Amino acid sequence: MQATPTIEAGSFLTLHYRLSGPQGDIINTFGGPAATLTLGNAELAPAIEARLLGLAEGEHVSLDMAAGEAFGERNPDMLQWVPKQLLATFGDADAAYLLGEVVEFPAPNNDGKYAGAVVQLGEDAILFDFNHPLAGQAVSLEVQVIGVL
């Protein structure tokens, strides 16, 4: 009789998961296609990956993560004023930015993208919050492990 596979570093997973913050669901794959990912490839936050270690194929669990555990604490240094002139260089020079809007920026070496939410509009610059939206908040994670390779 073969042992039920469990999640370990580098495992290839098929699972359903729901990630919820104080405002409700952020991601929910239940009722749709299952997610597939490799643990350790930065597809999930490291703290979330750590919580998956040891779960067995077929297991269905709900986990509560304390404020700041899943996505770290809010970092005031992640609030940055970006000159409108620079925004015009990376996007539409005539774009109108709205409070709460999330804007994507190219990473410094064009190696991916990162996003910031508009928190304040100034005359010549816009204040963006580059913290993860759930930084500093409690998070609930529900996971149904379908397959582990």
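These questions and answers concern side-chain surroundings and aromatic pairs in a predicted model.

Visitor: Is Ser20 buried or exposed?
Guide: Ser20 sits in strand β1, residues 12-21. Buried means under 20% relative accessible area. Ser20 has 13%, so Ser20 is buried.

Visitor: Which side chain does the side chain of Ser20 join in a polar contact?
Guide: Leaving aside neighbours within four places in sequence, Ser20 is in contact with Asp25, Ile26, Ala138, Val139 and Ser140. The polar contact between side chains is 2.7 Å, and the partner of Ser20 is Asp25.

Visitor: Which side chain makes a polar contact with the side chain of Glu69?
Guide: Glu69 lies in the loop between β4 (60-65) and β5 (79-83), and is partly exposed at 31% relative accessibility. Beyond its neighbours within four places in sequence, Glu69 is in contact with Ala47 and Arg51. The side-chain polar contact, at 3.1 Å, is with Arg51.

Visitor: How many residues apart in sequence are the parts that the pair of Tyr97 and Phe128 ties together?
Guide: The structure holds six aromatic pairs. Among them is the edge-to-face pair of Tyr97 and Phe128, with 6.4 Å between centres and 85 degrees between planes. Tyr97 is in the loop between α2 (84-90) and β6 (102-106) and Phe128 is in strand β8 (residues 125-129), so the parts tied together are separated in sequence by 31 residues.

Visitor: What is the angle between the planes of Phe105 and Phe128?
Guide: Phe105 is buried at 6% relative accessible area, and Phe128 is buried at 0%. Planes over 60 degrees apart count as edge-to-face. Phe105 and Phe128 form an edge-to-face pair, 5.1 Å centre to centre, with a plane angle of 90 degrees.

Definitions and conventions: Residues numbered from 1 in each chain as written. Predicted model: local features only at pLDDT ≥ 70, side-chain atom pairs only at ≥ 80, totals over all residues. Heavy atoms only, no water. Helix = DSSP H or I, 4+ residues; strand = E, 2+ residues; numbered from the N terminus. Buried < 20%, exposed > 50% of the residue type's maximum accessible area, 1.4 Å probe, protein only. Polar contact = N/O pair within 3.5 Å; in protein donor to acceptor, adjacent residues only side chain to side chain. Contact = heavy atoms within 4.5 Å. Phe/Tyr/Trp six-rings, centres within 6.5 Å; stacked < 30°, edge-to-face > 60°.
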